[in-house]
Amino acid sequence: MPTRARVMRFRTWRTLATAATAALMATLLTPAAAQSAPRESKPVYSYDNAIRESVWVDTGLDGDKDGKRDRVAVDIVRPRELARQGRKIPVIMDASPYYSCCGRGNESQKKTYDAGGNVVQMPLFYDNYFVPRGYAFVGVDFAGTNRSDGCVDVGGRSDVQSAKAVVDWLNGRAKGYTSRTGSTKAKADWTNGKTGMIGKSYDGTVANGVAATGVEGLETIVPIGAISSWYDYYFAKGAPLYDSGPDWLSNYVESPDARTKCAAVQQKLVEGAPRTGDWTKLWTERDHVKDAHKVDASVFVIHGMQDLNVRAKHFGQWWDALAKNGVERKIWLSQTGHVDPFDFRRAEWVDTLHRWFDHELLGYDNGIDDEPMADIERAPDKWETSSVWPPRGTDTVSLRPGKGEQAGVGTLGLRTGSGTETFTDDPSQDETDWAAQIDQSTAGKAGFITKPLTRDLRLSGSSKVTVTATPSTTTAHLSAVLVDLGPDTIRDYADAAEGITTLTDRSCWGPSTTGDSSCYKETRAKTADVDYTVFSRGWADLGNHASDLKGVPLTPGKPYTISLDLHASDHVVPAGHRLALIVAGTDKDLIDPPSTTPTLKLDLSRTWARVPFVGGAKAFSGATSGSAHVRPDATLDGVDEPEMPQRVPGDNR
């Protein structure tokens with residue numbers, strides 16, 4: 001269990017350090033002195049003259065089996081003035097496998113070093129901005145990457161221990177050395193041990209994993225587009241999302257030296273992640289959701305609701321588990337794909353992150369804990385807030401598909417339907433093909449549509465679709481998507497840049513040095529005018545009907561019932577639009593097809609969607625009480641077909 005008390009409501013939480021400081025000030029200081037307590041760290045320390053050093057921390061593991069305990073490289077930038085004064089400072093940490101192989105951020109920056117091996121360029125703006133404000137910034141190379149020993153095990157013990165060991169070292173519980181192989185020890189006597197981890201994708205995933213160990217000294221994490229359970233990165237209830245497994249990723253990010261030593265680790269990844277999609281011990285070790293009760297750090301989640309790399313299920317199930325366990329939380333949800341907030345809401349992001357770290361790591365009572373819990377991008381660059389997320393009054397409603405006037409074009413409402421609908425898996429089609437022809441009878445999908453809404457209808461949270469289907473073959477994959485049918489301008493998440501356009505102008509976020517500029521290319525929203533928006537999706541292998549853990553062959557002609565977990569979202573279907581549920585087979589390029597080409601018959605009386613509406617069933621009934629819609633004849637326009645997502649949880653550009 002957490003080592004310090006947690007409260008359930010975001011508006012009332014305070015760290016013990018902040019509360020103790022406030023009490024002491026109220027007791028001992030005059031009113032004038034109390035009012036002068038700092039609320040914001042200022043850039044008063046030299047970045048150009050900052051201490052830059054490297055330490056190698058003992059992880060306690062020997063992943064590469066060379067008979068020596070692995071050491072991970074830790075590059076540090078910290079204010080020299082505070083070191084001279086002997087003042088201990090907090091740490092902002094980004095632990096990553098990408099510092100040498102692939103780069104970080106929209107401009108794919110890598111670490112660079114001087115002749116003495118000290119870091120010159122630290123990717124991203126964190127060091128430039130926060131070091132002058134009295135923080136240390138620490139960039140950790142995962143085991144098996146860049147200048148670290150060991151092997152990459154893709155979310156397993158080695159990856160997580162790479163960063164956890166550094167948190168332990170910062171708090172005096174692990175050994176550090178001044179070189180990779182030497183015996184001269186390095187102590188972190190310059191820090192108070194308070195650590196905040198941040199990172200996008202793989203980096204944020206390990207931040208989740210370290211927080212899920214409950215390690216003391218980790219005060220907060222800021223996971224951006226991060227994985228919460230590695231099984232769900234590669235599979236959706238048995239349906240494969242990629243044509244490869246974690247062994248491919250391990251090989252992709254490892255240093256050349258590690259590749260020569262880590263064949264055994266990669267083989268274990270192959271054996272532990274069978275392409276059948278069955279759950280194994282490997283996935284249990286890499287499931288952070290189950291360990292949410294251990295999290296003692298606050299969590300600031302950022303995720304793109306149209307992220308088709310680290311899909312939105314990850315933040316939804318992580319958020320729900322954290323909420324269940326009373327963890328302090330904040331969330332930003334954008335319309336983008338796999339994009340950093342620095343590249344879709346830059347000024348607001350830097351300001352919010354600054355205040356978040358000031359509150360969590362310096363203990364400043366700056367009011368961020370009294371602000372709304374959630375920021376949601378409702379339209380490109382148009383944001384709204386919710387005091388809590390999902391909003392109060394949100395309730396799950398069972399929507400039922402019904403027969404329509406033509407095959408495959410049915411109704412969606414509160415009454416249980418009857419009869420059947422039939423479709424044949426077509427691996428050449430995807431969700432954009434289905435939605436574009438939602439009002440037409442096509443062989444590859446079954447669609448169910450509400451009347452045009454008379455008022456806005458907001459969905460907030462994670463949905464689930466339960467399907468009863470009879471297959472014609474021994475294998476079948478299923479897809480379910482929720483679609484907003486109506487004209488809109490949205491971020492073009494299916495574009496290669498996933499909703500942004502990179503410009504040539506630059507803005508600067510902190511001081512620069514000759515080798516490390518704080519100036520980055522500006523961006524703007526890349527938009528698309530559409531007739532529909534697919535805003536939530538989920539998949540499953542029907543062979544996993546009896547168990548999420550293991551699939552079995554199907555008996556043709558026999559009905560099976562299975563539930564598909566749809567990705568979390570916060571979406572408003574405007575008045576005049578329609579809400580649609582589509583059930584189909586292979587979602588081209590988002591899941592792999594089955595080994596056969598099945599025809600599936602849906603039993604509508606035993607098929608439904610559980611959808612979280614703000615206002616519950618009353619809101620849905622009120623919004624769908626208008627007259628019947630007139631079906632348009634034209635094919636609808638949407639975004640282009642989403643490109644095959646990378647098999648790398650990192651920057652897609």
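**Aromatic pairs**

I started with Tyr129 and Phe130, buried or exposed? Both are buried. This is a predicted model, and I kept that in mind for every entry here. I then looked at how the two rings sit: Tyr129 and Phe130 are edge-to-face, with 5.0 Å centre to centre and 80° between the planes. I noted both values because a pair of aromatic rings is described by the distance of the centres and the angle of the planes.

The cut-offs I needed were centres within 6.5 Å and planes over 60 degrees apart. Where do Phe342 and Trp509 sit in the chain? Phe342 is in the loop between strand S14 (329-334) and helix H13 (346-361), while Trp509 is in the loop between strand S24 (500-508) and strand S25 (519-525). That is 167 residues apart, so to speak a link between distant parts of the chain. Phe342 and Trp509 are both buried.

I also wrote down the total, which is 32 aromatic pairs.

**Charges over rings**

I checked for Lys and Arg side chains over aromatic faces. Lys330 has its charged end over the ring of Phe300, 5.9 Å from the centre. Arg345 lies over the face of Trp332, and here I read 4.5 Å from the ring centre.

**Helix H10**

Which residues of helix H10 (residues 263-272) are buried? I found Val265, Gln266, Leu269 and Gly272. They span an arc of only 130° around the axis, so they are on the same side of H10. I turned to the other side of H10 and found Ala263, Ala264 and Glu271 exposed. I also looked up what covers the buried residues of H10, and among the cover are helix H8 (246-253) and helix H11 (281-285).

For context, most residues other than glycine have a negative phi, and most peptide bonds are trans. I went looking for exceptions.

- The peptide bond from Trp389 to Pro390 is cis, with omega near -10°. I located Pro390 in the loop between strand S16 (382-386) and strand S17 (394-406).
- Leu124 has a positive phi, near 75°. I placed Leu124 in the loop between strand S5 (119-121) and helix H4 (126-130). Its relative accessibility is 16%, and since buried means under 20%, Leu124 counts as buried.
- Glu498 also has a positive phi, near 60°. Glu498 is in the loop between strand S23 (477-491) and S24. At 7% relative accessibility, I put Glu498 down as buried.

**Whole protein**

I finished with the overall numbers. I counted 15 helices and 31 strands in the protein. The radius of gyration is 26 Å, close to the 26 Å from the globule rule for 653 residues, so the protein is as compact as a globular protein of that length. The C-alpha atoms fill a box of roughly 80 × 60 × 50 Å along the principal axes.

How much of the protein is buried? Buried residues make up 60% of the 653. The accessible surface is about 23700 Å², with 50% of that belonging to carbon and sulfur atoms. Last entry: of the contacts between residues at least 6 apart in sequence, 79% join residues at least 24 apart.

How values were computed
Residues are numbered from 1 along each chain as its sequence is written. This is a predicted model: local features need pLDDT of at least 70, side-chain atom pairs count only at pLDDT 80 or more; totals for chains, interfaces and linings use all residues. Side-chain values use heavy atoms; hydrogens and water are left out. Rings of Phe, Tyr and Trp (its six-membered ring) pair if their centres lie within 6.5 Å; planes under 30 degrees apart count as stacked, over 60 as edge-to-face and the rest as tilted. Buried means under 20% relative accessible area, exposed over 50%, partly exposed in between (1.4 Å probe, protein chains only). Helices (H or I, at least four residues) and strands (E, at least two) are DSSP runs, numbered from the N terminus. A charge sits over a ring if NZ of Lys or CZ of Arg is within 6 Å of the ring centre and within 35 degrees of the ring normal. The arc is that of the directions from the helix axis to the C-beta atoms. Contact means heavy atoms within 4.5 Å. The radius of gyration is taken over C-alpha atoms; the globule rule is 2.2 Å times the number of residues to the power 0.38. Accessible areas come from the Shrake-Rupley method with a 1.4 Å probe; for residues, only the protein chains shown count as cover.
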